[in-house]
Every structure is written in structure tokens, then in C-alpha cells.
Amino acid sequence: MAEAMGYADDAWLERYLEDNLPKADEVTSSFWEMVRKGSVYPVLAGSAMTGEGVETLLDACVQGIPDPGGRDQSMSGIVFALTEDRTLGTGAMVRLFGGNL
């Protein structure tokens with residue numbers, strides 16, 4: 001993860017190459033800041049059948065999705081389903097939390 005963060009931020013890349021990695025809480029806070037800026041994108045997996053990964057997904061949503069109330073009008077949302085149709089092609093179902101699409 002630190003390597004991927006280095007691609008998004010030159011300061012992180014320098015620290016990574018010098019083997020001067022920060023503590024876990026600093027990595028976490030910087031990672032979610034990069035997510036909010038759109039520099040990196042988290043990818044999470046889970047199973048609705050077994051419930052595996054659901055708690056991790058919900059925790060990531062709480063940490064990473066910005067509060068929709070009382071902020072600027074930049075767009076924020078989450079894609080929650082992908083569809084495939086012969087006539088319409090590929091589509092994505094999006095839940096918008098703020099802004100316009």
C-alpha cells in the first residue's frame with residue numbers, strides 16, 4: 001500500500017525508497033486523505049453470502065466517504081452495482097452523496 005501511495009505523492013515515494021516508512025496510523029490517515037483528493041482508490045472485496053469482508057467494507061465507508069452535509073458542492077458518491085445489457089451496454093448504479101453527476 002505504501003508503494004501505491006508513493007505513486008500518488010512524491011514525498012511518500014521518497015520515504016518509501018529510503019525505507020523510512022511512517023507508523024500505521026499516519027499511513028491510514030494519509031491514505032484516506034489521498035482517497036478524498038482522488039489520488040488513490042481503495043478496492044475492497046466481500047461476500048454477501050458468508051458476510052466475509054462486510055464489516056471491513058462498512059468501516060472503510062465510514063472512514064473514507066466524506067460527510068454529505070455542510071461542505072462544498074464537489075461530487076461524491078459510490079458505485080454500488082454494475083449492469084450489462086445487450087442494447088444499452090454496460091451501466092453503473094451510483095449513490096450520490098453530494099454534488100451533481
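**Figure 1. A nonpolar surface patch built from V79, L82 and V94.** V79, L82 and V94 come together on the surface as a nonpolar patch. The model shown here and in the views below is predicted. V79 sits in strand β1, which covers residues 76-85. With a relative accessible area of 49%, V79 is partly exposed.

Figure 2. D10 belongs to helix α2, residues 10-17. Its relative accessibility is 57%, so D10 counts as exposed. D19 lies in the loop between α2 and α3. D19 is exposed too, at 69% relative accessibility. The backbone of D19 deserves a look as well. Its phi is near 55°, a positive value in a residue other than glycine.

Figure 3. Side chains of opposite charge can pair when their charged atoms come close. How many salt bridges does a search of the whole structure find? The search finds 2. In this view, the side chains of E26 and R15 form one, with an N to O distance of 3.0 Å. The pair links distant parts of the chain, 11 residues apart. E26 is in helix α3, residues 24-37, while R15 is in helix α2. Are these two side chains buried or partly exposed? E26 has 33% relative accessibility and therefore counts as partly exposed. R15, at 25%, is also partly exposed.

**Figure 4. The salt bridge between R36 and E33 in helix α3.** Here the side chains of R36 and E33 meet, with N to O at 3.9 Å. The contact counts as a salt bridge because the cut-off is within 4 Å. R36 and E33 are 3 residues apart in helix α3, so about one helical turn separates them. R36 is partly exposed at 45% relative accessibility. E33 is partly exposed at 37%.

**Figure 5. The aromatic pair of F31 and W32.** A pair of aromatic rings is described by the distance of the centres and the angle of the planes. A search of the whole structure finds 1 aromatic pair. The ring centres of F31 and W32 are 5.1 Å apart, and their planes stand at 75°, so this pair is edge-to-face. The label follows because plane angles over 60 degrees count as edge-to-face. Are the two residues buried or exposed? F31 has 11% relative accessibility and counts as buried. W32 is buried as well, with a relative accessible area of 10%. Both labels apply because buried means under 20% relative accessible area.

Figure 6. Strand β2 runs over residues 89-98, and L96 is in it. L96 is partly exposed, with a relative accessible area of 28%. Its C-alpha atom is separated from that of F80 by 11 Å. Along the chain, L96 and F80 are 16 residues apart. A92 also lies in strand β2. A92 counts as partly exposed at 47% relative accessibility. From A92 to S39, the C-alpha separation is 21 Å. These two residues are 53 residues apart along the chain.

**Figure 7. Spacing from Y16 in helix α2 to G77.** Y16 lies in helix α2. Y16 is partly exposed, with 30% relative accessibility. How far apart are the C-alpha atoms of Y16 and G77? They are separated by 31 Å. In the chain, 61 residues set Y16 and G77 apart.

**Figure 8. E55 in helix α4 and its spacing to K23.** Helix α4 takes in residues 54-64, and E55 is part of it. At 61% relative accessibility, E55 counts as exposed. The C-alpha atoms of E55 and K23 are separated by 24 Å. E55 and K23 are 32 residues apart along the chain.

Technical notes
Residues numbered from 1 in each chain as written. Predicted model: local features only at pLDDT ≥ 70, side-chain atom pairs only at ≥ 80, totals over all residues. Heavy atoms only, no water. Helix = DSSP H or I, 4+ residues; strand = E, 2+ residues; numbered from the N terminus. Buried < 20%, exposed > 50% of the residue type's maximum accessible area, 1.4 Å probe, protein only. Patch = residues over 30% accessible without salt bridge, like charges linked within 9 Å, V, L, I, M, F, W, Y side chains within 5 Å. Areas by Shrake-Rupley, 256 points an atom, 1.4 Å probe, with all protein chains shown as cover. Phe/Tyr/Trp six-rings, centres within 6.5 Å; stacked < 30°, edge-to-face > 60°.
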